[in-house]
Amino acid sequence: MPIGNATDITLRALNTLAAVDAVACEDTRVTTKLLRLYGISKPLLSYHDHNADKMRPVILDRVAGGASVALVADAGLPLISDPGYKLVREATARGLPVTCLPGPSAPATALLLSGLPSDRFLFAGFPPNRRSARRDFLAALATVPATLIFFESARRLAASLADMRATLGDRDAAVARELTKRYEQVRRGGLAGLAADYAASGPPKGEVVVVVGPPAAADAATGDDALDAALGRAMAGQTLRDAVDMVAGATGLPRRRVYRRALALAGGADGDRGDG
């Protein structure tokens, strides 16, 4: 069962940690400190990006054998942008019981502190590292009528904000770091100003979440001009079918409509004609 960040741990989570047979965690050193703080001693199983494929069967076999295992994150909520979701997917596929003990979630916390619209939002994870790929990634999100939430590394923050400004326009945004921790900070402003500020000050310390407001009503229009622009960017680097899937998912438009426009842009000569 996933358990959130130790710094804001709940009584329910503490009771669960005291009751389970083992604890799976990203860094055993971090989780050891947590358990010692609350007088809990449990066997620890290392589970992270680099060993997840190897450790998943080990953990699931223990649960299948009747043991209870808690999954703990070093920071934030497990399963958000980490291999924990695969553990849940395979556990449910095997008919094993899974529950969640929610703790702090960086995307949700950043959204609430940003002051930006929260009625509709999209968590997009980490943008690509390379500038060209990052701009293509952002371009596919340009017409999404929702607040956008990203994770980003501190060292790429200024460049990423600049690419967001160039691709999305100078939207209202917020940069939140070290959420729910001692040095929590949120900076708000336009993308252009935030990009300039971080370019001048250098990378901030800690983990970063970027929240970008939705497009203005005129920019969010999903008429043929906006759709053609999104398809043109997407089709420049991938097959027609993949471009259609990406743009339909990003805009929320019916796939059949997106497919027809893509065929028109491609001159109707694509081999996927029957895929609409």
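## Secondary structure and overall burial

The chain contains 11 helices and 9 strands, and the model that shows them is a predicted one. Of the 276 residues in the chain, 42% are buried. Among the contacts with a separation of 6 or more, 66% are between residues 24 or more positions apart.

## The five-stranded sheet

An open sheet is formed by 5 strands in the order β5-β6-β9-β7-β8, and its pairing is mixed. The edges are taken by β5 and β8 (185-190), each of which has a single partner strand, so that one side of each is left without a neighbour in the sheet. From one strand to the next, the twist averages 20°.

Both senses of pairing can be followed in particular strands. Strand β5 (residues 121-123) runs parallel to β6 and is joined to it by 3 bridges, with Phe 123 standing opposite Ile 149 in β6. Strand β7 (residues 172-177) and strand β9 (residues 208-212), by contrast, run antiparallel and are joined by 5 bridges; here Val 175 has Val 210 of β9 as its bridge partner.

Two helices are packed on this sheet. Helix α5 (residues 106-114) touches β5, β6, β7, β8 and β9, and its direction makes about 50° with that of β9. Helix α8 (residues 191-201) touches β7, β8 and β9, and its direction makes about 125° with that of β8.

## Burial of strand β6

Strand β6 (residues 147-152) is mostly covered, with 6 of its 6 residues buried. The cover extends to both faces of the strand: Thr 147, Ile 149 and Phe 151 lie on one side, Leu 148, Phe 150 and Glu 152 lie on the other, and all of them are buried. Ile 149, which is among these buried residues, is also the residue that Phe 123 stands opposite.

## Strands β2 and β4

Strand β2 (residues 22-25) pairs with β4 in the parallel sense over 4 bridges, and the bridge partner of Cys 25 in β4 is Val 72. In strand β4 (residues 69-72), Val 69 and Leu 71 point one way while Ala 70 and Val 72 point the other way, and all of these residues are buried.

## Packing of helices α3 and α4

Helix α3 (residues 52-64) packs against helix α4 (residues 84-93) at an angle of about 45°, with the two axes 10 Å apart. That angle makes α3 oblique to α4, and the crossing of the two helices is right-handed. The contact is made by Arg 56, Ile 59 and Leu 60 of α3 together with Lys 86, Leu 87, Glu 90 and Ala 91 of α4. Sorted by class, the contact of α3 with α4 has 4 nonpolar and 3 charged residues, and no polar ones.

## Packing of helices α6 and α7

Helix α6 (residues 131-139) and helix α7 (residues 157-168) pack with their axes 9 Å apart, at an angle of about 45°. The two helices are therefore oblique to each other, and the crossing of α6 and α7 is right-handed. On the α6 side the contact is made by Arg 131, Arg 134, Arg 135, Leu 138 and Ala 139, and on the α7 side by Ala 159, Ser 160, Asp 163, Met 164, Ala 166, Thr 167 and Leu 168. By class, the contact of α6 with α7 comprises 6 nonpolar, 2 polar and 4 charged residues.

Terms used. Residues numbered from 1 in each chain as written. Predicted model: local features only at pLDDT ≥ 70, side-chain atom pairs only at ≥ 80, totals over all residues. Heavy atoms only, no water. Axes fitted to C-alpha atoms, helices over the stretch in contact; angles between N-to-C directions. Parallel < 35°, antiparallel > 145°, perpendicular 65-115°, else oblique. Left-handed = near helix turned anticlockwise from the far one by under 90°. Contact = heavy atoms within 4.5 Å. Nonpolar A, V, L, I, M, F, W, Y, C, P; charged D, E, K, R; others polar. Buried < 20%, exposed > 50% of the residue type's maximum accessible area, 1.4 Å probe, protein only. Pairing = 2+ DSSP bridges.
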